[in-house]
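This report describes a structural model shown below. It begins with terms and conventions and then takes up the parts in turn.

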Amino acid sequence: MSAPRPTTVSDRIQQIPRHYVYLLLAGVVVWQLLFPIRLPITPSVPTRGVYDAVAAVPDDKLIIITTDWDASTQAETGPQTQAVIHACFQNHKKFVIMNLQPPMGVKLAQDLAEEAAQEYGAVYGVDYANWGYKYGYENVLMAMAKNIPNAIGDDFYGKPVGELPLMQGVEDIQAIGLVVIVTGLSAMTEMWVGLIQGPYRTPLAGAYTAVMAPIYYPYLDSDQLKGMLVGAKGAAELEAMVDRPGKAVAIMNVQSWAHVLIIALILLGNLGYLFARGRGEGSQP
Amino acid sequence: MNPDLYILWAAAIATLGVYTILYRENPISRLFEHIFVGLSAGYLIVATWTLNLEGKWWNPMIHDKKWYWIFAPIVGSLFYFIYSRRLGWLARLIMGLFFGTAAGTFFRQFFPIYSPQIYACFKPLDYQAGMGIQGVIFDLLLHNWIFVIILLTVMSYFFFSIPHEGRFGRNLGRSAMLGRWFLMIAFGAMFGNTVMARISLFIGRMQFLLKDWLGSLIPWFATRGL
């Protein structure tokens, strides 16, 4: 049975067809993408923590960037990975990309790393590398803690990682100065904290989709994470810090206006509800 | 035609196809949804072989004469005995092994994950404790006081063993009510983050459609500040 047709203004406000809401949102997004009104971006404390953690890594140690994401969260995790890569290159830190799940993450991150490497004149195998997708979750981490070349085996291109110049002297987890977990999946951080950060005191930083980020604030408070990027907002802040405004800055600009629309719609709906209740038309929203 | 252009058009058509769901459930969005799931599964199989099994299992077994690796798939295939009524106990062997390993690993992770967070809950609330931090004494103390009040009131909300009657019980009830409000505020903030994440994904797709796809047809779109 279909809902009764709205007869009063307050009813109409409360029963705006969802297609109109979608169209309004799409309109705001297209408008701001094509004719942006720029808003300032100020790096937050968790974002500054990520940058400071990268900068603090000793020169003889590697940074691991775990790219546990795929196309479904690429809008947030892609710019996060890119900004972290820029932070590594700008601070002259050597890094490796790897992931435990899903496998597309290493390919998408490799494209971003190659693009940035061209800009900084960095060389694969010397300044950065890709350890590839490694299946086995906790088992991979426990094996890495003891012997990295054995646990990783071959890199993304099928070459034994032990033969890469940047792997000289890299034996176990003590050679790692920081792990940046860029992920759209829960449980990855818990694995790294439980098996690597806790037992071996290897510093960790996280970059999460905005949906999952609230879970990880306690990890910041307990210093288990040195910093955190929260969704596209965190990516935009780090892009601003490394002076490479890119997709995330554009996203956050549009995002702010989309939020204004959503807040206006929520207020409108509630006003309609209050008017209806004031006229004694029941309490149905 | 440039192969990249085929990929661009395929991605644009797939994006628009999936977004037809916004109008209503339809076969086009279903088709592209299934293609996406199929591609992901296919990629997973290929990547598992090329980036893991080939280098770590197949090559050592075939080229390095490590013949004992042949037992790995035999042991792994024990899972499939779940379908046999007579030999189902073989599947339980391998499942038991996996459950045991998972439990052991979880126990190993538990304390490193949670004990620092429990320890971090004990925050200094006196003026002296804030003296060591330059210039943020008030902020730190305020932050710590807010944290501890929220922690205690929320914990009291989950304390069900004492009825909210009598002097102590009524005060516990007030604390629980305050804790409930704090929980609602926290859930609201989390939901706000969820909205932000969903809109980010939508904007990401619109960036692709406008800058990459339409930009390849009409250069003006590619020049906009996307």
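## Terms and conventions

A residue is called buried if 20 or more other C-beta atoms lie within 10 Å of its own, exposed if 12 or fewer do, and partly exposed in between, with C-beta atoms placed from the backbone. Helices (H or I, at least four residues) and strands (E, at least two) are DSSP runs, numbered from the N terminus.

This is a predicted model, in which local features need pLDDT of at least 70, side-chain atom pairs count only at pLDDT 80 or more, and totals for chains, interfaces and linings use all residues. Residues are numbered from 1 along each chain as its sequence is written, while chains are lettered from A and ligands numbered from 1 in the order in which they are written.

## Confidence

The model has an ipTM of 0.84 and a pTM of 0.88. For chain B the average pLDDT is 89, and 93% of the residues score at least 70; pLDDT is the predictor's confidence in each residue, from 0 to 100.

## Chain A overall

Chain A contains 11 helices and 6 strands. Its C-alpha trace spans about 75 × 35 × 35 Å along the principal axes. Of its 285 residues, 49% count as buried. Two residues are in contact if their C-beta atoms, placed from the backbone, lie within 7 Å. Among contacts in chain A with a separation of 6 or more, 72% join residues 24 or more positions apart.

A nonpolar core is a set of buried Ala, Val, Leu, Ile, Met, Phe, Trp, Tyr and Cys residues joined through C-beta atoms within 7 Å. The largest one has 91 residues, and V84(A), V180(A) and W192(A) have the most contacts inside it. Neighbours within four places in sequence aside, W192(A) is in contact with L141(A), V179(A), I181(A), Q197(A) and L204(A).

## Helix 5 of chain A and its ends

Helix 5 of chain A (residues 104–120) has 17 residues and should span 24 Å at 1.5 Å a residue; its end C-alpha atoms are 25 Å apart, which agrees. The expected span is 1.5 Å times one less than the number of residues. Its buried residues are M104(A), G105(A), V106(A), A109(A), Q110(A), L112(A), A113(A) and A116(A). The cover over these residues includes strand 1 (62–68), helix 4, strand 2 (95–99) and strand 3 of chain A, together with helix 2 (27–62) of chain B.

The loop between strand 2 and helix 5 of chain A holds P102(A), and the peptide bond from Q101(A) to P102(A) is cis, with omega near -10 degrees. Just after helix 5 of chain A, G121(A) has a positive phi of about 70 degrees.

## Contact between the chains

Chain A contributes 45 residues to the contact and chain B contributes 38 residues. On the side of chain A that touches chain B, the largest share, 7 residues, comes from helix 11 of chain A. The residues on that side divide into 26 nonpolar, 12 polar and 7 charged. Here Ala, Val, Leu, Ile, Met, Phe, Trp, Tyr, Cys and Pro count as nonpolar, Asp, Glu, Lys and Arg as charged, and the others, Gly among them, as polar.

Y137(A), in the loop between strand 3 and helix 6 (138–146) of chain A, is not a glycine, yet its phi is near 45 degrees. Y137(A) is partly exposed, with 16 other C-beta atoms within 10 Å.

K65(B) is also not a glycine and has a positive phi of about 60 degrees. K65(B) is found in the loop between helix 2 and helix 3 (71–76) of chain B and counts as exposed, with 8 C-beta neighbours inside 10 Å.
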